[in-house]
Amino acid sequence: MKQARPFPIAPEAMKYLRGEAFSSAIEFPLPESDSEGFNVDRLMYLEDLCRGQRVLHLGCCDHPPLIRQKIAENRWLHGRLTAVAKTCLGVDIDAEAVAMVRDQIGHKNVILADLSATTPPEVQAGQPWDFLVAGEIVEHLDNPVHFLASLRKNLTGLCAQIIVTVPNAFRQSNLRHVLKRREQINSDHRFWFTPYTLAKILTRAGFTPVSYDLVDISLARRPNSIKNVFQQWRRKNHPALRDNLIMLARFD
């Protein structure tokens with residue numbers, strides 16, 4: 001499976017992201033078709049980014065009722081990152097989930113902490129970290145800029161880059177539901193993000209966005225079916241319709 005290459009943030013966009021210039025209709029470029037046929041699975045993409053790296057995994061545990069199911073289906077991100085990273089430390093604020101992962105699942109590389117409020121000794125002792133992975137978190141927050149700014153304050157000098165993943169506002173399923181005159185959404189979500197708006201909140205939080213990509217939650221499992229042939233075509237020719245957005249930004 002070939003991996004997509006991150007799409008760089010255009011330098012000319014930075015003056016708008018920083019608020020140094022204004023436009024009521026700025027055009028932020030989106031990826032064009034993948035001429036080499038890249039098909040991108042979210043978990044595989046994150047694995048490739050983190051392979052051989054030193055990784056802090058924020059919100060690592062998932063909901064307790066889902067952890068065993070995801071492990072059985074090889075969809076539990078923390079387990080997959082642990083397998084490929086040079087070092088991986090998971091951090092979560094859910095005490096029940098942390099206890100389950102440590103005591104029942106047997107992954108000891110998980111601690112209970114809130115990185116937006118404190119910098120635990122384990123995090124300080126393990127630095128320098130290459131990446132802080134914040135997967136599917138910021139869309140659940142009342143104030144994502146404040147949260148991200150707190151992470152940057154507490155981890156500057158300890159971590160080089162942050163990887164943020166969120167649902168893509170332009171995803172194909174959203175368009176399909178809109179055409180049916182309805183919205184389908186996780187009831188705990190506060191926001192939908194586009195590449196520009198995610199770059200904007202990261203910039204407002206003090207990070208420097210570097211690049212982004214669009215990925216799918218999972219790749220088709222039956223490539224010979226008519227439905228999945230269409231999905232392969234859509235992934236290749238219309239990357240902006242993929243399910244999820246992944247953005248890399250520097251701690252500055």
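Helix 2 (residues 42-50) is mostly covered, with 7 of its 9 residues buried; buried means under 20% relative accessible area, with exposed being over 50% and partly exposed in between (1.4 Å probe, protein chains only). Helices (H or I, at least four residues) and strands (E, at least two) are DSSP runs, numbered from the N terminus. This is a predicted model, in which local features need pLDDT of at least 70 and side-chain atom pairs count only at pLDDT 80 or more, while totals for chains, interfaces and linings use all residues. Residues are numbered from 1 along each chain as its sequence is written, and side-chain values use heavy atoms, with hydrogens and water left out.

The buried residues of helix 2 are R42, L43, Y45, L46, E47, L49 and C50. Their cover includes strand 2, helix 4, strand 5, strand 6, strand 7 and strand 8, where contact means heavy atoms within 4.5 Å. At the N-terminal end, helix 2 is capped by D41, which has a side-chain oxygen 2.9 Å from the backbone nitrogen of L43. After helix 2 comes G52, with a positive phi near 75°.

Helix 4 also forms a crossing with helix 2. The two axes come within 9 Å and cross at roughly 30°; axes are lines fitted to C-alpha atoms, for helices over the stretch in contact, and angles run from 0 to 180 degrees between N-to-C directions. The crossing of helix 2 and helix 4 is right-handed (a crossing is right-handed if the near helix is turned clockwise from the far one by less than a right angle, and left-handed if anticlockwise). Helix 2 contributes R42, L43, M44, L46, E47 and C50 to the contact, and helix 4 contributes L77, R80, L81 and V84.

Strand 1 and strand 7 (residues 207-215) run antiparallel and are joined by 2 bridges. In this pair, P8 is opposite S211 of strand 7.

Strand 2 is largely enclosed by the rest of the structure, because 4 of its 5 residues are buried. Strand 2 pairs with strand 3 in the parallel sense over 5 bridges, and with strand 5, also parallel, over 4 bridges. L56 shows both pairings: its bridge partner in strand 3 is L89, and in strand 5 it stands opposite L132. V55 has F131 as its bridge partner in strand 5. In a regular strand the side chains alternate between the two faces of the sheet.

Strand 5 is likewise largely enclosed, because 6 of its 7 residues are buried. Strand 5 runs parallel to strand 6, and 6 bridges join them. Here F131 stands opposite Q161 in strand 6.

Helix 9 (residues 195-204) has 7 of its 10 residues buried, so it is largely enclosed by the rest of the structure. These residues are P195, Y196, L198, A199, I201, L202 and T203. They pack against helix 1 (14-17), helix 7 (144-155), strand 6 (159-167), strand 7 and strand 8 (244-251). G206 follows helix 9 and has a positive phi, near 100°.

The axes of helix 7 and helix 9 come within 8 Å and cross at roughly 50°. Helix 7 is therefore oblique to helix 9 (angles under 35 degrees count as roughly parallel, over 145 as roughly antiparallel, 65 to 115 as roughly perpendicular and the rest as oblique). The crossing of helix 7 and helix 9 is right-handed. P144, V145 and L148 of helix 7 make the contact with I201, L202 and R204 of helix 9.

H177 counts as buried because its relative accessibility is 8%. Leaving aside residues up to four places away in sequence, H177 touches R182 and Q184. The side chains of H177 and Q184 are joined by a polar contact of 3.1 Å (a pair of N or O atoms within 3.5 Å; within protein, one must be able to donate a hydrogen and the other to accept it, and residues adjacent in sequence count only if both atoms are side-chain atoms).

Definitions and conventions:
Two strands pair if DSSP finds at least two bridges between them.
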